[in-house]
Amino acid sequence: MSVYFIGDPHLGHKAIGKYRPWVKDSAANTAHIHKLWDKTIKKTDIVYVMGDAAFSDDELIALGNLRGRKILIKGNHDDMTSISLQTSVFEEIHGIIKYKAMWLSHAPIHPAELRGKKNVHGHVHQHSVHTWYGTLDKRYYNTCVDVVYPKTGNVFVTLETIKGYFGL
């Protein structure tokens, strides 16, 4: 069993082609993420969806049919699908959760609230969190597809990758 993270898949987002140059439209985005899901995720793997999973019930149902045990960290767009359907797709649903020495949240949490822990998040589509001085803030790891895919060619980040980044 492996643990993976994916932020902001935005399945069913009608204008996603404007924001993701590697897909032309919503259908291509869904097909691309499903292909990578099938290639990466095994039946017993745990997948933390770090918010903004799907923009329609049909897309959420399709996500539910993919392999793996799914846990949702609710995002600002997760109100576009029904809660009853979300509870049938995801084993757990959280707003924020402490996991190992990390906070898992959709949006980055305020540095004063880290309390010595690291923050795994999504939501920030074009960049990662920086300090006041403009350097990368190593207390945060951004799992947003828009940040991860151009760097790795995959939409998933492993727990081992994140732990290595944080030195845990």
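Biologist: Which residue just after α4 takes a positive phi, and of about what value?

Modeller: Please bear in mind that this is a predicted model. Helix α4 covers residues 145-152. Just after this helix comes G153, and its positive phi is about 75°.

Biologist: Which residues of α4 are buried, and against which elements do they pack?

Modeller: The buried residues in this helix are V145, D146, V147, V148 and Y149. Their packing partners include two elements given by residue range as β1 (3-6) and α1 (26-40).

Biologist: Is V155 buried or exposed?

Modeller: V155 is found in the loop between α4 and β9. Buried means under 20% relative accessible area. V155 has a relative accessibility of 0%, so this residue counts as buried.

Biologist: Which residues does V155 touch, leaving aside residues up to four places away in sequence?

Modeller: Among the residues touched by V155 are V145, V148 and Y149, which are also buried residues of α4. The chain also brings V155 and D8, 147 residues apart in sequence, to a C-alpha separation of 9.6 Å. With that sequence limit applied, the contacts of V155 are F5, I6, I33, L36, V145, V148 and Y149.

Biologist: Why do the buried residues of α5 line one face of the helix?

Modeller: In α5, residues 159-166, the buried residues are L159, I162 and F166. Viewed down the helix axis they fall within a limited arc, so they line one face, and that arc is 65°.

Biologist: Which exposed residues does α5 carry on the face turned away from its buried side?

Modeller: The buried residues of α5 pack against β1, β5 (96-99), β6 (102-105), β7 (118-121), β8 and β9. The face turned away from that buried side carries the exposed residues E160 and G164.

Biologist: Which residue follows α5, and what is its phi?

Modeller: Helix α5 consists of residues 159-166. The residue that follows is G167, with a positive phi near 70°.

Biologist: Which element gives the largest share of the lining of the largest pocket?

Modeller: The largest pocket has a volume of about 170 Å³. The elements that give two or more residues to its lining are β8 and α4. The lining divides into six nonpolar, three polar and one charged residue. The largest share, four residues, comes from α4.

Biologist: What backbone atom does the side chain of H13 reach, and at what distance?

Modeller: H13 is placed in the loop between β1 and α1. Its relative accessibility is 15%, so H13 counts as buried. H13 touches Y19, S26 and F55, residues up to four places away in sequence not being counted. The side chain of H13 reaches the backbone nitrogen of A15 at 3.1 Å.

Biologist: What is the phi of H10?

Modeller: H10 lies in the loop between β1 and α1. At 5% relative accessibility, H10 counts as buried. H10 is a residue other than glycine, yet its phi is positive, near 55°.

Biologist: Where is D52 found, and what is its relative accessible area?

Modeller: D52 has a positive phi of about 55° although this residue is not a glycine. D52 is found in the loop between β2 (46-49) and α2 (57-64). Buried means under 20% relative accessible area. D52 is therefore buried, with a value of 1%.

Technical notes
Residues numbered from 1 in each chain as written. Predicted model: local features only at pLDDT ≥ 70, side-chain atom pairs only at ≥ 80, totals over all residues. Heavy atoms only, no water. Buried < 20%, exposed > 50% of the residue type's maximum accessible area, 1.4 Å probe, protein only. Contact = heavy atoms within 4.5 Å. Polar contact = N/O pair within 3.5 Å; in protein donor to acceptor, adjacent residues only side chain to side chain. Arc of directions from axis to C-beta. 1 Å grid on protein atoms, 1.4 Å probe; cavity = no way out; pocket = protein on both sides within 12 Å on 5 of 7 lines; lining within 4 Å. Points joined across faces, edges and corners; volume = space filled by probe spheres on them. Nonpolar A, V, L, I, M, F, W, Y, C, P; charged D, E, K, R; others polar.
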